Amino acid sequence: MPKEQHSYTGPLRVQYEYDPDCWCHGTGRHDDDTTCGGWVIDSAVPTVDQLADMLRAQAVGDTSRQAAVELLVGHGHWLRVAQFRRIVDCFLGFGSAASNAPDTPMALIDWRAVREALDAQSFPASGSELALLRIAASLASNDVTVNLYSALAGLDRTNSRLVADAVACAAQLGQG
Ligand SMILES: [Zn+2]
């Protein structure tokens with residue numbers, strides 16, 4: 001049993017898990033005092049608004065990631081998609097950012113998995129939904145590239161505005 005305590009008492013489903021990619025193969029058995037464990041949240045449980053706040057909490061201090069998060073939140077589609085949520089890591093963060101309390105629920109999108117899903121065309125979505133996700137991924141991760149000629153072609157005025165705002169945010173034009 002983990003010795004760590006967590007102070008989160010909200011409605012999210014939180015449990016202690018060890019990292020399956022660790023050399024201990026997720027057993028948590030380490031010979032020293034280290035641990036690969038953490039408080040993990042079932043990504044299917046948060047509401048759309050809760051997930052948005054969790055993504056924002058994790059993105060504090062990273063304008064590129066914030067731009068990608070606000071693009072997806074503003075668009076409204078992807079945070080509702082179960083298949084997308086499965087590649088979002090949800091957890092209790094350590095509150096390292098000044099504005100976050102200890103044990104803040106946070107969420108981090110696995111952008112590499114997003115790219116793989118986009119490349120494999122495994123997300124059932126419209127062309128404009130896929131284009132917007134790829135643009136968000138390209139803002140947040142240098143693993144993902146986007147062709148703006150084709151990506152912007154399928155966006156309506158509302159979504160084009162969201163993209164323009166996201167690029168301005170990522171370029172920190174709002175802080176000058
Ligand atoms: Zn381990």
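# Notebook: burial, sheet and helices

I began with Leu130, which is partly exposed, with 18 other C-beta atoms within 10 Å. The model I am reading is a predicted one. Burial would need 20 or more such atoms and exposure 12 or fewer, so the count of 18 puts Leu130 in between. I placed Leu130 in helix H5. I then listed its contacts, leaving out residues up to four places away in sequence, and found Leu118, Phe123 and Ala125. I also checked Leu130 against Leu79: the two are 51 residues apart along the chain, and their C-alpha atoms are separated by 13 Å.

**Entry on Ala44**

Is Ala44 buried or exposed? I count it as exposed, with 11 C-beta neighbours inside 10 Å. Ala44 sits in the loop between S2 and H1. Its contacts, not counting residues up to four places away in sequence, are Ala82 and Arg85.

I traced an open sheet of 4 strands in the order S1-S2-S3-S4, with antiparallel pairing. Its edge strands are S1 (14–18) and S4 (104–109), each of which pairs on one side only. I noted that neighbouring strands of this sheet are turned by 45 degrees against each other on average, direction ignored.

I went through two of the pairings. Strand S2 (residues 37–41) and strand S3 (residues 88–93) run antiparallel and are joined by 2 bridges. Within that pairing, Ile41 has Cys90 in S3 as its bridge partner. S3 and S4 also run antiparallel, and 6 bridges join them. There I found Gly93 with Thr104 in S4 as its bridge partner.

How many of the residues of S4 are buried? I get 5 of its 6, which leaves S4 mostly covered.

**Entry on H1**

I looked next at what lies on the sheet. Helix H1 (residues 48–59) packs on it, touching S3 and S4, and the direction of H1 makes about 85 degrees with that of S4. I checked the length of H1: at 1.5 Å a residue its 12 residues should span 16 Å, and the end C-alpha atoms are 17 Å apart, which agrees.

The buried residues of H1 are Leu51, Met54, Leu55, Gln58 and Ala59. Looking down the axis of H1, I see these within an arc of 130 degrees, so they line one face of the helix. The buried residues of H1 pack against H2, S3 and S4. Just after H1, I noted a positive phi of about 90 degrees at Gly61.

**Entry on H7**

I ran the same checks on H7. Its 14 residues should span 20 Å at 1.5 Å a residue, and its end C-alpha atoms are 20 Å apart, which agrees.

Which residues of H7 are buried? I list Asn159, Leu162, Val163, Ala166, Cys169 and Ala170. They cover an arc of only 125 degrees around the axis, which puts them on the same side of H7. On the face turned away from that buried side I found the exposed residues Arg157, Arg161, Ala164 and Ala168. The buried residues of H7 pack against H2 and H5. Just after H7, Gln172 takes a positive phi of about 60 degrees.

**Entry on the nonpolar core**

I then turned to the largest nonpolar core, which has 38 residues. Those touching the most other members are Ala68, Leu71, Ala136, Leu139 and Ala166. I asked which elements supply at least two residues each: these are S2, H1, helix H2 (63–75), S3, S4, helix H4 (111–119), helix H5 (127–140) and helix H7 (157–170). H5 gives the most, with 8 residues.

I followed up Ala136 as one of the core members with the most contacts to other members. Leaving aside neighbours within four places in sequence, I find Ala136 in contact with Ala68, Leu71 and Leu72.

Definitions and conventions:
Residues are numbered from 1 along each chain as its sequence is written. This is a predicted model: local features need pLDDT of at least 70, side-chain atom pairs count only at pLDDT 80 or more; totals for chains, interfaces and linings use all residues. Two strands pair if DSSP finds at least two bridges between them. Axes are lines fitted to C-alpha atoms, for helices over the stretch in contact, and angles run from 0 to 180 degrees between N-to-C directions. Two residues are in contact if their C-beta atoms, placed from the backbone, lie within 7 Å. A nonpolar core is a set of buried Ala, Val, Leu, Ile, Met, Phe, Trp, Tyr and Cys residues joined through C-beta atoms within 7 Å. The expected span of a helix is 1.5 Å times one less than its number of residues. The arc is that of the directions from the helix axis to the C-beta atoms.
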